[in-house]
Amino acid sequence: NHIITAYATDSAGNVSNISDNYRVRIDITKPNAPALTGISTDSGVSSSDEITMDQTLLISGTAEAYSQIELFNGASSIGNVNTNGSGNWTYDYTATSLAGGTYTFTATAMDSAGNTSSTSSGMTVVVDTTAPKPVSISATNSDDEYNEGSTITITVEFAETVLVTGTPKLELETGTNNAIATYSGASNSKVLSFTYKVAYQNTSA
């Protein structure tokens with residue numbers, strides 16, 4: 001911190017009173033690099049894994065209080081946002097609709113003196129807009145005959161972990177009228193299970 005004062009002397013040699021103190025703080029210290037802490041909405045199995053189906057994001061993080069954050073998507077700057085008194089910030093990226101894919105976000109912080117931090121660690125975000133696809137379906141005894149009243153356990157395996165909301169339905173070809181197998185588990189898994197009790201006159205080729 002420095003204190004600067006001044007006085008004036010006119011051509012006749014009269015000297016003014018000394019001015020009030022003018023305080024100057026010279027700050028040459030860079031702020032710490034920001035931290036990117038998450039996105040909203042982080043949908044799916046986990047709310048903190050940065051894997052989401054949401055294509056319009058809010059990106060949050062922390063940095064020095066009252067600093068200015070510059071956010072980057074890859075090598076491209078996408079905008080600025082200020083931190084609050086606690087150092088928290090959220091950048092509204094919802095005006096951009098991201099295509100399905102993988103993105104790496106980084107940020108820098110500039111303090112009130114104009115010092116800019118180093119670049120933050122990257123936060124990888126996966127935008128997944130593709131519904132999970134089954135890769136195999138199996139039953140208790142595949143390609144076998146079942147008697148009326150027999151219970152068949154059917155498992156459906158997907159290529160990725162699926163989060164179950166609501167009650168899945170599995171439609172079975174059982175002759176004239178198709179039947180619905182009952183969902184029995186599980187969620188947060190690649191494999192879902194169903195059961196079906198064979199009814200009178202059920203047939204399937």
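Contact here means heavy atoms within 4.5 Å. With that in hand, here are the close-ups of this predicted model.

**Figure 1. Ile59 and what it touches.** Leaving aside residues up to four places away in sequence, Ile59 touches Leu36, Gly38, Ile39, Leu71, Trp89, Thr90, Tyr91, Tyr93, Phe105 and Met123. Ile59 also turns up among the residues with the most contacts inside the largest nonpolar core, together with Leu36, Trp89 and Phe105. That core counts 19 residues. As a bit of background, nonpolar side chains in soluble globular proteins tend to be buried together.

Figure 2. The structure holds 3 aromatic pairs. In one of them, the ring centres of Tyr91 and Tyr93 are 6.0 Å apart with the planes at 45°, so this pair is tilted. Tyr93 and Phe105 also have their ring centres 6.0 Å apart, but here the planes stand at 90°, so the pair is edge-to-face. Tyr93 belongs to strand β8 (residues 88-93) and Phe105 to strand β9 (residues 101-110), so their pairing ties together parts that are 12 residues apart in sequence. Ring pairs join Tyr91, Tyr93 and Phe105 into a cluster. How buried is Tyr91? Its relative accessible area is 11%, and because the cut-off for buried is under 20%, Tyr91 counts as buried. Tyr93 is buried as well, at 8% relative accessibility, and so is Phe105.

**Figure 3. The mixed sheet, from β4 to β7.** Five strands line up here as an open sheet in the order β4-β10-β9-β6-β7, and the pairing is mixed. At the edges stand β4 (51-52) and β7, each with a single partner strand, so one side of each is left without a neighbour in the sheet. Further in, β6 and β9 run antiparallel and are joined by 6 bridges. Look for Gln68 here: its bridge partner in β9 is Met110.

**Figure 4. The β6-β7 hairpin.** Strand β6 (residues 68-73) pairs with strand β7 (residues 76-82) in the antiparallel sense, over 6 bridges. Across the pairing, Ile69 stands opposite Val81 in β7. Which residue takes a positive phi in this hairpin? That would be Gly74, with a phi near 65°, in a hairpin that has 2 residues between the strands.

**Figure 5. Thr108 and its surroundings.** Thr108 has its place in strand β9. This threonine is buried, with a relative accessible area of 10%. Not counting residues up to four places away in sequence, Thr108 touches Pro34, Gln68, Ile69, Glu70, Phe72, Thr116, Ser117, Ser118 and Thr119. For readers following side chains along a strand, the general rule is that they alternate between the two faces of the sheet when the strand is regular.

**Figure 6. The antiparallel sheet, from β11 to β13.** This open sheet has 5 strands in the order β11-β12-β15-β14-β13, with antiparallel pairing. Its edge strands are β11 (134-139) and β13 (170-172), each pairing on one side only. From one strand to the next, the twist averages 30°. Strand β12 (residues 151-162) and strand β15 (residues 189-197) run antiparallel and share 8 bridges. Within that pairing, Thr155 has Ser193 in β15 as its bridge partner.

Figure 7. Is β11 buried or exposed to view? It is hardly covered: of its 6 residues, the count of buried ones is 0. β11 pairs with β12 in the antiparallel sense over 5 bridges, and the bridge partner of Pro134 in β12 is Phe158.

**Figure 8. Zooming out to the whole chain.** The chain has 15 strands and 0 helices. Its radius of gyration is 32 Å, whereas a compact globule of 205 residues would have one near 17 Å. Along the principal axes, the C-alpha atoms fill a box of roughly 120 × 25 × 25 Å. Buried residues make up 27% of the 205 residues. Of the contacts with a separation of 6 or more, 53% come from residues 24 or more positions apart.

Key:
Residues numbered from 1 in each chain as written. Predicted model: local features only at pLDDT ≥ 70, side-chain atom pairs only at ≥ 80, totals over all residues. Heavy atoms only, no water. Phe/Tyr/Trp six-rings, centres within 6.5 Å; stacked < 30°, edge-to-face > 60°. Buried < 20%, exposed > 50% of the residue type's maximum accessible area, 1.4 Å probe, protein only. Helix = DSSP H or I, 4+ residues; strand = E, 2+ residues; numbered from the N terminus. Pairing = 2+ DSSP bridges. Axes fitted to C-alpha atoms, helices over the stretch in contact; angles between N-to-C directions. Core = buried A, V, L, I, M, F, W, Y, C linked by side-chain atoms within 4.5 Å. Rg over C-alpha atoms; globule rule 2.2 N^0.38 Å.
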